[in-house]
Amino acid sequence: MDPLRAQQLAAELEVDMMADMYNRMTQACHRKCVPPHYKDAELSKGESVCLDRCVAKYLEVHERMGKKLTELSLQDEELLKRVQQGTGTA
């Protein structure tokens with residue numbers, strides 16, 4: 001596969017993953033913070049605060065997980081390089 005096509009596929013995958021994360025966050029925070037039977041057309045102060053906190057926590061966890069996965073991936077790459085150097089293959 002040529003590098004340009006690989007880059008395009010990676011970009012498409014990233015967009016799909018971000019859309020999935022947004023949809024999951026929206027559903028989870030809505031379910032947690034907004035009652036199933038609406039009383040008013042507008043969000044109450046409590047609902048708004050709950051949604052703000054829920055979204056902030058969701059995004060923080062998503063960022064932490066991304067950093068940890070990147071860290072683990074770099075460790076795996078480094079280990080693979082060491083193993084390949086030890087066996088004489090590159």
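The structure is a predicted model, in which local features need pLDDT of at least 70 and side-chain atom pairs count only at pLDDT 80 or more, whereas totals for chains, interfaces and linings use all residues. Residues are numbered from 1 along each chain as its sequence is written, and side-chain values use heavy atoms, with hydrogens and water left out.

**Disulfides**

- A search of the whole structure finds two disulfides, a disulfide being a pair of cysteine sulfur atoms within 2.5 Å.
- Cys33 is joined to Cys50 with an S to S distance of 2.0 Å; because Cys33 lies in helix H1 and Cys50 in helix H2, this pair ties together parts that are 17 residues apart in sequence. Helices (H or I, at least four residues) and strands (E, at least two) are DSSP runs, numbered from the N terminus.
- The other pair is formed by Cys29 and Cys54, whose sulfur atoms are 2.0 Å apart; Cys29 lies in helix H1 and Cys54 in helix H2, so this pair ties together parts that are 25 residues apart in sequence.
- The torsion about the S-S bond of Cys29 and Cys54 is about -85 degrees, so that disulfide is left-handed.
- When the bonded cysteines of the protein are numbered in sequence order, the pairing reads 1-4, 2-3.
- Cys29 counts as buried at 2% relative accessibility, and Cys33 counts as buried at 8%; here buried means under 20% relative accessible area, exposed over 50%, and partly exposed in between (1.4 Å probe, protein chains only).
- Cys54 is buried with a relative accessible area of 12%, whereas Cys50, at 23% relative accessibility, counts as partly exposed.

**The nonpolar core**

- The largest nonpolar core has six residues in all, namely Met25, Cys29, Cys33, Val34, Leu51 and Cys54; such a core is a set of buried Ala, Val, Leu, Ile, Met, Phe, Trp, Tyr and Cys residues joined through side-chain atoms within 4.5 Å.
- Helix H1 (3-33) and helix H2 (45-87) are the elements that give two or more residues to this core, and the largest share, three residues, comes from H1.
- In soluble globular proteins, nonpolar side chains tend to be buried together.
- Leaving aside its neighbours within four places in sequence, Leu51 is in contact with Cys29, His30, Cys33, Val34 and Leu43, where contact means heavy atoms within 4.5 Å.

**Helix H1**

- The 31 residues of H1 should span 45 Å at 1.5 Å a residue, and its end C-alpha atoms are 44 Å apart, which agrees; the expected span of a helix is taken as 1.5 Å times one less than its number of residues.
- Met21, Met25, Cys29 and Cys33 are buried in H1, and the buried residues of H1 pack against H2.
- At the start of H1, a side-chain oxygen of Asp2 reaches to within 3.1 Å of the backbone nitrogen of Leu4.

**Helix H2**

- His62 is found in helix H2 and is partly exposed, with a relative accessible area of 35%.
- Not counting residues up to four places away in sequence, His62 touches Met18 and Met21; His62 and Met21 are 41 residues apart in sequence and 8.4 Å apart in space, C-alpha to C-alpha.
- Arg82 also lies in helix H2 and is exposed, with a relative accessible area of 52%.
- Arg82 and Asp16 are 66 residues apart in sequence and 34 Å apart in space, C-alpha to C-alpha.

**Record annotation**

- An unreviewed UniProt entry places the feature "domain: Tim10-like" at residues 7-71; UniProt positions are given in the numbering used here, feature names are shortened, and annotations may be inferred rather than shown by experiment.
- Over residues 7-71 the chain is 83% helix and 0% strand, and the end C-alpha atoms are 21 Å apart.

Note on methods. A polar contact is a pair of N or O atoms within 3.5 Å; within protein, one must be able to donate a hydrogen and the other to accept it, and residues adjacent in sequence count only if both atoms are side-chain atoms.
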